[in-house]
Amino acid sequence: MHRQTHAGKGGGYHAFLCTAVAFVEEPVGGRSDGYCGRILRAQTQGTRKEGHHEFRIRVEGDPASYQPGSTYRVVLLATSPSYFRGFTLIALKEGREGTVDDDYIGQFQNIDEEDTQFMTNCAPAMTESTPRRRTRIQVFWTAPPTGSGCVIMKASIVQKRVIYFQDEGSLTIRLCEKGNATGAPAMECCACGTAKYRLTFYGNWSEKVHPKDYPRRANHWSALIGASHSRGYVLWEYGGYASEGVRQVAEFGSPIKMEEEIRQKGDEVLTVIKTKAQWPAWQPLNLRAAPSAEFSVDRTCHLMSFLTMLGPSPDWNVGLSGEDLCTKECGWVQRLETDLIPWDAGTDNGVTYESPNKPTIPQEKIRPLTSLDHPQSPFYDPEGGAITPIAKLVVERIARKGEQCNVVPDTIDDIVADIGQEDKEEDDTPETCIYSGWSPWSACSSATCEKGRRMRQRMLKAQLDLSVPCPHTQDFQPCMGPGCSIEGKNRNTLKCDCCEGLCSVCVREQPACLFADSLLCMLSPWSDWSDCSVTCGRGLQTRQRMLKSDPAGCSEELEQMEKCMLPECPADCMVSEWSEWSECNKSCGKGHTIRTRMVKLEPQFGGRACPETIQRKKCKIRKCRTKEGSRGAVGGAVGGQRRRRGKQGRDSVAEEQSGCRMQPWTAWTDCTKPCSGGIQERFMVAKERDKGAMAVGCKDRKEVRACNVYPC
């Protein structure tokens with residue numbers, strides 16, 4: 001649905017307002033008092049009442065703050081049995097009176113021009129279009145850009161001569177910019193050095209949480225793509241238009257163009273953020289680790305943005321835009337955790353997960369999905385409640401480098417987070433390779449202080465592009481036997497007292513010592529994963545390892561189980577039972593009757609094709625009778641008549657009934673089914689009956705035929 005902003009329809013209702021509130025419209029171009037003149041005059045010349053309980057404004061989803069550039073549905077409600085005839089709705093900068101244009105903030109948009117319009121001579125305000133009783137109106141409001149501060153949204157209600165207006169209460173709402181509750185403009189970053197973060201994405205989009213029309217077979221999250229960047233670069237934002245890179249992520253789940261756009265920004269970008277795609281969209285964390293990526297920020301590039309597509313969908317995504325990791329105390333955010341709701345990229349008009357592709361022309365602005373977008377939407381809620389989050393993002397600071405200048409002293413968590421961090425190699429695994437999570441590390445191959453190594457494994461679950469190899473199914477790490485220090489792994493390791501080659505339990509109090517529990521277990525490497533337990537669809541596979549030390553001192557698991565996915569199993573066509581045979585399509589003579597059945601499930605993945613869905617057989621109720629004595633000359637005349645009327649076919653039979661005059665055939669009725677075989681009927685009724693004719697020869701007629709025989 002395209003949303004357009006229209007000018008007011010005129011002042012047709014202003015005469016009503018003059019009667020209701022003794023209001024005289026301002027001259028064109030003039031605004032002598034606040035709220036575009038009309039609101040203050042309505043307050044002063046009408047009877048003012050408190051409206052806490054009867055009327056209220058509601059912003060859909062009841063947000064505690066607004067996202068700059070995002071579009072919201074604003075609803076004005078009357079609680080039954082109350083109603084209202086007129087209203088005015090405005091949005092002001094906090095602390096402003098509405099006496100100049102700059103006092104107004106954001107942009108209203110009509111949803112239904114039969115209900116609402118822009119106020120004449122006061123373009124920022126919304127009012128009613130027609131004088132009638134109503135209990136609800138709704139409009140769109142697009143939030144202002146970043147740094148605009150807090151917004152005060154106010155409404156006045158007209159009910160005959162009574163004006164309801166609230167400076168505080170249910171007809172006034174205060175919204176501040178997300179992450180900026182004071183309304184102060186965004187400040188430049190004053191932090192020093194750099195900070196390193198780990199981003200972890202927890203998808204919560206599942207059939208259990210979002211059951212409506214959930215796509216069972218193809219659900220997935222696309223590869224996550226983003227960057228840490230400066231204020232001079234915007235990957236995407238609410239109220240903006242999707243770039244080609246964003247469109248390709250939103251519609252196809254492809255991050256290639258988006259990454260190309262990011263890398264072209266040069267000094268505006270510090271780190272490209274990437275994670276692998278997830279097929280299926282949700283699995284328990286004990287079966288698949290949540291995808292994560294590491295990135296860095298500095299004083300210039302201190303913002304973080306990302307997006308990932310939920311698929312299948314028209315152009316729906318989740319993500320963050322311009323999240324600032326620099327604090328006002330000149331430090332770096334320790335931890336960020338936020339729920340994510342889906343947003344629409346404005347490039348495709350689909351309303352369901354599997355809607356056919358239908359480009360949005362012209363392209364619309366990026367906006368969050370709402371629960372009132374469309375009745376067929378999987379997130380639809382007639383009450384307009386908030387959409388249940390479909391994902392959660394956790395960003396944790398894992399290291400800082402360089403001299404720091406934060407005003408607030410470091411906490412213990414700050415210090416611990418900076419100790420012992422390693423610079424991990426960037427994972428260059430192709431995006432087309434889908435792996436399971438890594439197994440735990442095996443025991444060290446060395447039982448002494450000689451250098452050994454340990455191993456972990458993961459399984460290749462899907463190779464989306466066979467031309468691109470999928471490496472890295474095994475990973476190795478240097479190690480030493482129990483009680484030995486490994487350079488680069490345990491910094492400042494203290495010498496531990498050992499007993500029979502193993503550190504005693506007392507070393508638990510020495511943080512730098514290796515823990516005894518982890519050394520009591522000597523385990524073999526994991527075996528390869530077994531074959532999947534099924535030949536198609538979803539199954540299970542297992543792997544084992546052996547214990548090489550005393551079982552009493554080891555609680556490590558020796559067997560692991562993981563789900564596996566093979567090509568879908570063939571599904572044969574399924575049809576319903578046959579219907580009853582229809583009535584014969586002729587009242588006399590030879591005719592036919594039919595029966596049908598419906599296709600309940602189309603064949604899939606090479607399953608058996610559908611059998612016939614309609615059958616026909618002959619029927620004959622009785623012989624057709626003619627008037628005695630008319631079979632000679634009359635019959636010959638009729639026969640000639642048949643030859644002359646060749647194209648009229650069965651319709652001419654009515655004229656052959658001696659002593660009867662029949663109405664023409666009626667039109668065929670609508671088909672009883674839209675697909676998989678229905679029936680249609682038509683009728684012929686007697687127009688006149690000759691008193692001397694046999695009653696049986698003048699009966700009404702009915703014909704039946706099959707229709708819409710193609711499968712559903």
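Trainee: Why are the side chains of Lys 257 and Glu 260 said to meet in a salt bridge?

Mentor: In this predicted model, their N to O distance is 3.4 Å. The cut-off for a Lys nitrogen and a Glu carboxyl oxygen is 4 Å, so the pair qualifies as a salt bridge.

Trainee: How do you know that Lys 257 and Glu 260 are about one turn of the helix apart?

Mentor: Both residues lie in helix H4, which covers residues 256–263, and they are three residues apart.

Trainee: What makes Lys 257 count as partly exposed?

Mentor: Its relative accessibility is 26%.

Trainee: What makes Arg 247 and Glu 244 a salt bridge?

Mentor: The closest N and O atoms of Arg 247 and Glu 244 are 2.8 Å apart, which is within the 4 Å limit, so the pair is a salt bridge. The two residues are three apart in helix H3 (residues 244–252) and are therefore separated by about one helical turn. Arg 247 has a relative accessible area of 24% and Glu 244 has 34%, so each is partly exposed.

Trainee: Which residues of H3 are buried?

Mentor: Gly 245, Val 246, Gln 248, Val 249, Ala 250 and Glu 251 are buried in H3. That label requires under 20% relative accessible area. The buried residues of this helix pack against S15, H4, S18, S19 and strand S21 (343–344). After H3 comes Gly 253, with a positive phi near 75°.

Trainee: Why is the pair Glu 337 and Lys 392 said to link distant parts of the chain?

Mentor: Glu 337 and Lys 392 form a salt bridge, with their closest N and O atoms 3.4 Å apart. Glu 337 lies in strand S20 and Lys 392 in strand S23, 55 residues apart. At 44% relative accessibility, Glu 337 is partly exposed; so is Lys 392, with a relative accessible area of 29%.

Trainee: How many salt bridges does a search of the whole structure find?

Mentor: The search finds 25 salt bridges. A network of salt bridges also links Lys 93, Arg 96, Asp 102 and Asp 103.

Trainee: What makes up the largest nonpolar core?

Mentor: The largest nonpolar core has 35 residues; among those with the most contacts inside it are Tyr 197, Phe 201, Trp 221 and Phe 295. Membership requires buried nonpolar residues joined through side-chain atoms within 4.5 Å. Strands S13 (194–203), S17 (292–297), S18 (303–311), S19 (316–324), S20 (335–340) and S23 (391–401) each supply at least two residues of this core. S13 gives the most, with four residues. Apart from this core lies another, of 27 residues, including Ala 78, Met 126, Leu 171 and Leu 175.

Trainee: Where in the protein chain is confidence lowest, and where is it highest?

Mentor: Confidence is lowest in helix H1 (residues 14–21), with a mean of 35, and highest in strand S15 (residues 225–229), at 96. Over residues 1–35 the pLDDT is below 50, although this stretch has 94 contacts in the model beyond near neighbours in sequence. Residues 422–426 also stay under 50, and the model has eight contacts for them beyond four places in sequence. Where pLDDT is low, predicted coordinates should not be read in detail. The protein chain averages a pLDDT of 77, and 74% of the residues score at least 70.

How values were computed:
Residues numbered from 1 in each chain as written. Predicted model: local features only at pLDDT ≥ 70, side-chain atom pairs only at ≥ 80, totals over all residues. Heavy atoms only, no water. pLDDT = per-residue confidence, 0-100. Contact = heavy atoms within 4.5 Å. Buried < 20%, exposed > 50% of the residue type's maximum accessible area, 1.4 Å probe, protein only.
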